[in-house]
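Please look over the sequence and the structure before reading on.

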Amino acid sequence: MLSFGGLLPETLPAAVFAEQEDGTAAEQYSYDEETATLTLSGEISMMEISAFVRDVTNPVRHIVAAEGTVFPENASWLFDSTKAQGSLFAELETADFSKADTSKTTNMAGMFHDCLKLKKVDLSGFDTSNVID
């Protein structure tokens with residue numbers, strides 16, 4: 001499993017970690033090479049996801065949002081797989097966002113742009129009451 005983080009480590013990749021209120025680090029993004037699954041947790045950002053996935057050698061085929069995952073206000077193009085974005089999610093097949101908090105998200109335009117292999121997306125937990133685009 002690969003991870004990468006803001007507080008840790010000096011060499012990448014290891015895991016994405018985010019500082020919690022108590023000063024400890026919590027894993028934010030992790031990638032399981034065997035299942036090709038990217039797991040999200042905590043507050044996520046497009047820049048951090050892009051930086052993390054670029055260090056992954058195998059394609060991301062599945063994404064899971066763990067309990068407590070918070071999508072950004074602007075989630076547009078978050079999982080875009082065009083060549084301009086490095087085709088980070090070109091092999092994406094499934095996404096489970098049933099536990100994601102999208103209550104503060106206002107823009108979801110193009111969130112899965114060019115994810116041509118995407119077959120199944122669970123958006124059952126999405127709160128789109130504030131989405132305007």
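Which residue in strand 5 does T39 stand opposite? In this predicted model, the residue opposite T39 is V64 of strand 5. The protein chain contains 1 helix and 7 strands, and its elements follow the order β-β-β-β-α-β-β-β from the N terminus.

**Strand pairing and crossover**
- Strand 4 (residues 37-40) and strand 5 (residues 62-65) run parallel and are joined by 4 bridges.
- Between strand 4 and strand 5 the chain passes through helix 1 (residues 46-54), and this β-α-β crossover is right-handed.

**Nonpolar core**
- The largest nonpolar core consists of 27 residues.
- L38, I49, I63, F71, F79, F89 and F97 have the most contacts inside this core.
- At least two core residues come from each of strand 3 (25-32), strand 4, helix 1 and strand 5.
- Helix 1 supplies the largest share of the core, with 3 residues.

**Surroundings of L38**
- With neighbours within four places in sequence left aside, L38 is in contact with Y29, S30, Y31, I49, F52, V53, V60, H62, I63, V64 and F89.
- Among these contacts of L38 are I49, I63 and F89, which are also listed with L38 as residues with the most contacts inside the largest nonpolar core.

**Whole chain**
- Of the 133 residues of the protein chain, 36% are buried.
- Among contacts with a separation of 6 or more, 66% are between residues 24 or more positions apart.

How values were computed:
Residues numbered from 1 in each chain as written. Predicted model: local features only at pLDDT ≥ 70, side-chain atom pairs only at ≥ 80, totals over all residues. Heavy atoms only, no water. Pairing = 2+ DSSP bridges. Right-handed = clockwise from strand over helix to strand, strands pointing away. Buried < 20%, exposed > 50% of the residue type's maximum accessible area, 1.4 Å probe, protein only. Contact = heavy atoms within 4.5 Å. Core = buried A, V, L, I, M, F, W, Y, C linked by side-chain atoms within 4.5 Å.
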